[in-house]
Amino acid sequence: MAEWLTLAEAIAAHVRDGDSVALEGFTHLIPFAAGHEIIRQCRGDLSLIRMTPDIIYDQLIGARCAKKLTFSWGGNPGAGSLHCFRDAVENEWPGPLAIEERSHSDLANAYVAGAANLPFAVLRGYAGSDFARVNERIRSITCPFTGEVLAATPAVRPDVTVIHAQKADWKGNVLLWGILGVQKEAVLAARRAIVTVEERVPALDAPPNACGAAQLGGDRGV
């Protein structure tokens, strides 16, 4: 069953120095508060993972929390460059930052593979691409049934995934709606998960465009 904690307690219990950490979600579901709490608690040597690192990841890099970033697009739409990210890559300031660049289809499939406890994902997304020249972890595999050559990429298994949602009930069922990303897959791929919510309710009353509720178990806390 889910464990109810304050945000400070959840970060203290589940985000540790040296962890691989995925904060996933788009627009209204970006877990800003959790990212700021990670900074506040001075977590360090984190390997950050996100399909689209934006302001909160720029802040984590600038606060010296990150040693590596795995991503598929970096920037801040409408507000310009990520200055700390760029400084870390170009000038190693405030410290060096290792980067692992993938495509959107790669990271999405890598989360799915991690959620299924598989070692790698298979996709067609790199056909005709030069990505393999900048990421040696992108390999090829031949389909044993058709002979087609496909891209293979390592599964993503974060130590902890953090997402944000609108509601959760007392049992830990979580409801989120609006523009969705890979939150469900990222949570299921993780060893631990933190879900921040705006409201705790007796029952989930789903709006028309809501995604299905999923109960978190084990050491995944809300």
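User: Axes here are lines fitted to C-alpha atoms, for helices over the stretch in contact, and angles run from 0 to 180 degrees between N-to-C directions. With that in hand, at what angle do helix 2 and helix 3 pack?

Analyst: This is a predicted model, and in it helix 2 and helix 3 pack at an angle of about 0°, with their axes 10 Å apart. Angles under 35 degrees count as roughly parallel, which means that helix 2 is roughly parallel to helix 3.

User: Which residues meet there?

Analyst: Helix 2 brings Phe32, Gly35, His36, Ile38 and Ile39, and these meet Ile55, Ile56, Gln59 and Leu60 of helix 3. By class, the residues of this contact divide into six nonpolar, three polar and no charged.

User: And how does helix 3 pack with helix 4?

Analyst: The angle between helix 3 and helix 4 is about 45°, and their axes are 7 Å apart. That makes helix 3 oblique to helix 4. On the helix 3 side the contact is made by Asp58, Ile61 and Gly62, and on the helix 4 side by His83, Cys84, Phe85 and Ala88. Sorted by class, the contact of helix 3 with helix 4 has four nonpolar, two polar and one charged residues.

User: Which residues of helix 3 are buried, and what covers them?

Analyst: In helix 3, which covers residues 55–62, the buried residues are Ile56, Tyr57, Asp58, Leu60 and Ile61. Their cover includes helix 2 (32–40) and helix 4 (83–91), together with strand 1 (20–23), strand 2 (46–50) and strand 3 (66–71). Just after helix 3, Arg64 takes a positive phi of about 65°.

User: Since strand 2 came up, how many of its residues are buried?

Analyst: Strand 2 is mostly covered, and five of its five residues are buried. Leu46, Leu48 and Arg50 point one way from the strand, whereas Ser47 and Ile49 point the other way. In general, side chains in a regular strand alternate between the two faces of the sheet.

User: In which sense does strand 2 pair with strand 1, parallel or antiparallel?

Analyst: Strand 1 and strand 2 pair in the parallel sense, over three bridges, and Ala22 stands opposite Ile49 of strand 2.

User: Different spot now. Where is Asp19, and is it buried or exposed?

Analyst: Asp19 is found in the loop between helix 1 (7–14) and strand 1. With a relative accessible area of 8%, Asp19 is below the 20% cut-off and therefore counts as buried.

User: What does the Asp19 side chain make a polar contact with?

Analyst: The side chain of Asp19 makes a polar contact with the side chain of Arg192, at 2.6 Å. A polar atom of the Asp19 side chain also lies 2.8 Å from the backbone nitrogen of Arg16. Setting aside neighbours within four places in sequence, the residues in contact with Asp19 include Arg192, His14, Asp45, Leu46 and Ser47.

User: What about Gln166: where is it, and is it buried or exposed?

Analyst: Gln166 is found in strand 8, which spans residues 160–169, and Gln166 is buried, with a relative accessible area of 9%. A polar atom of its side chain lies 2.9 Å from the backbone oxygen of Trp177. Leaving aside neighbours within four places in sequence, Gln166 is in contact with His28, Leu29, Leu175, Leu176, Trp177, Val197, Glu198 and Glu199.

User: In what order do the three strands of the open sheet come?

Analyst: The order in that open sheet is 5-7-6, and the pairing is antiparallel. Strand 5 (120–123) and strand 6 (139–142) stand at the edges, each with a single partner strand, so one side of each is left without a neighbour in the sheet. The twist from one strand to the next averages 40°.

User: How many bridges join strand 6 to strand 7?

Analyst: Four bridges join strand 6 to strand 7 (residues 149–154), and the two run antiparallel. Ser140 has Ala151 in strand 7 as its bridge partner. Helix 5 (residues 104–115) packs on the sheet, where it touches strand 5 and strand 7, and its direction makes about 135° with that of strand 5.

User: Last one: where is Leu180, and how far apart in space are Leu180 and Thr27?

Analyst: Leu180 is found in the loop between strand 9 (173–175) and helix 7 (183–189), and at 37% relative accessibility Leu180 counts as partly exposed. Leu180 and Thr27 are 153 residues apart in sequence, while in space they are 9.1 Å apart, C-alpha to C-alpha.

Note on methods. Residues numbered from 1 in each chain as written. Predicted model: local features only at pLDDT ≥ 70, side-chain atom pairs only at ≥ 80, totals over all residues. Heavy atoms only, no water. Buried < 20%, exposed > 50% of the residue type's maximum accessible area, 1.4 Å probe, protein only. Contact = heavy atoms within 4.5 Å. Polar contact = N/O pair within 3.5 Å; in protein donor to acceptor, adjacent residues only side chain to side chain. Parallel < 35°, antiparallel > 145°, perpendicular 65-115°, else oblique. Nonpolar A, V, L, I, M, F, W, Y, C, P; charged D, E, K, R; others polar. Pairing = 2+ DSSP bridges.
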